[in-house]
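Work through the exercises below with the sequence and the model at hand. Each task is followed by its solution in steps.

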Amino acid sequence: MINVHNKEAPLEAGLEGIQQNLPLLALIILVPLLSIPLKAGGYFHSIKHFIRKWEGQPRLAFFGLSSFLALISPILNMGSVKIVHEMVEKLRINPMILGKSYLIGFTSSMLWSPYFASVAIVLHEVGGQFNQYIGLGLAVAILQLLIGNLLFKQSSKKIYGRPRRARENRSAKAENDQVHRINLLKILCTLVAMIISLLILESITRISMLTLVSLIAVFVPFLWAGVFHQWKGLAAEFNGYLKKISQMDHEITLFLSAGLFGLALRNTDFADQLQAFLMEFAEQSLLLFVLIIFLIVLFFAFIGVHQIVVIPILASQVSAASVGMSPEFLALIFIMAWSMTAVLCPLNAINIIVSHCLQRNGLMIGFRWNGTYVMSLVSILIVAITVYGLF
């Protein structure tokens, strides 16, 4: 309807809109291939080993869960939460610890990983370069993990984890910690190697980051199977991957319709009014500009409009030069708004997954368990914006 009313060639505009997010859709579909070496190689057993050891120690359990999720989420995306929960659901860990650590660990990856749609979309819209953004995104992600663990340390006295059973203690001690540490180190090295490869390939080939990420996602499982002669393991896990992809019709529809809707709104009166509205706040104060972006994204998230629809529209209407900051710093603002509203909103996919795993209300998990954490991040972002404005 919007295209018919505003575009000279509505059919062509509609087809272009449907194709708008195809590269991102390829990213979402292909990135789960990276989980095949981790599953078939037995690396998840090492994660489960340490979580089982820390079952009766709330602080270590929280640190371990949030760190493990931050480590594997860049590769496994939202599947990381389900995988980790399958490891711990039979352990006696307070649900509040799980709810906090799941969201804090997962959303830290949303700030920097090129395998996440949040980073790919926003950098594309604001014209930022990943090789210039990754340092900023990683620094904020590490700070986010640190804040989450410090806040939990302050409140952990109110959480009493049940003691571990003696049998589990004996089995945990019998495990070879050194072997499991090496496996975790292998996961970290693999992630670092993939990121460095992306940066090198992007600078040499000038191919888009979305294309490179998709190619690496396809290449890595075959390289692993060839090096370690694990073709049978690859085939078995690939069948499971195909079954999961066949159930992604909702995600596919969401991405295609978001691209169609976002492109339809461009160059319309609404887009012009939205741009004027945002620039008015940006001219008054950068702090007001950041807060209004956060509130707009949060409002639409609560009425069921996903960030993948709202944020590209907002980002496409704001020029980094017009607000007096680099494209990468502007991208960080939008990406943080995306991640923080994902924590709070009970209609967001990651909040739904966590609430389903823990059988708790999404509002409780978002606001009651993680509200202080989100407000702390907003406060730090405000301070960062203030300091940035001084220079």
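**Exercise 1.** In which hand of crossing does H12 pass H13?

The model is predicted: local features need pLDDT of at least 70, side-chain atom pairs count only at pLDDT 80 or more, and totals for chains, interfaces and linings use all residues. Residues are numbered from 1 along each chain as its sequence is written, and side-chain values use heavy atoms, with hydrogens and water left out.

Step 1. Locate helix H12 at residues 177–205 and helix H13 at residues 209–228; helices are DSSP runs (H or I, at least four residues) numbered from the N terminus.

Step 2. The axes lie 10 Å apart at an angle of about 130°, where axes are lines fitted to C-alpha atoms over the stretch in contact and angles run from 0 to 180 degrees between N-to-C directions. That makes H12 oblique to H13 (under 35 degrees is roughly parallel, over 145 roughly antiparallel, 65 to 115 roughly perpendicular, the rest oblique).

Step 3. H12 passes H13 in a right-handed crossing, the term for a near helix turned clockwise from the far one by less than a right angle.

Step 4. On the H12 side the contact (heavy atoms within 4.5 Å) is made by Met194, Ser197, Leu198, Leu201, Glu202 and Thr205. Met209, Leu212, Val213, Ile216 and Val220 make it on the H13 side. These residues divide into 8 nonpolar, 2 polar and 1 charged (Ala, Val, Leu, Ile, Met, Phe, Trp, Tyr, Cys and Pro are nonpolar, Asp, Glu, Lys and Arg charged, and the others, Gly among them, polar).

**Exercise 2.** Describe how H10 packs on H19.

Step 1. Helix H10 (residues 130–155) and H19 pack at about 40°, with axes 10 Å apart; H10 and H19 are therefore oblique to each other.

Step 2. The crossing of H10 past H19 is right-handed.

Step 3. Gln132, Tyr133, Leu136 and Val140 of H10 meet H19 residues Glu328, Phe329, Ala331, Leu332, Ile335 and Met336.

**Exercise 3.** Which residues line the largest cavity?

Step 1. On a 1 Å grid over the protein atoms alone, a cavity is a set of points where a 1.4 Å probe fits but cannot get out, and lining residues have an atom within 4 Å of a point. A search of the whole structure finds 1 cavity of 30 Å³ or more.

Step 2. The largest cavity has a volume of about 60 Å³, volume being the space filled by probe spheres set on the points.

Step 3. Its lining is Val290, Leu291, Phe294, Ile333, Ala337, Met340, Val378, Leu381 and Ile382.

Step 4. By class, the lining has 9 nonpolar, no polar and no charged residues.

Notes:
1 Å grid on protein atoms, 1.4 Å probe; cavity = no way out; pocket = protein on both sides within 12 Å on 5 of 7 lines; lining within 4 Å. Helix = DSSP H or I, 4+ residues; strand = E, 2+ residues; numbered from the N terminus.
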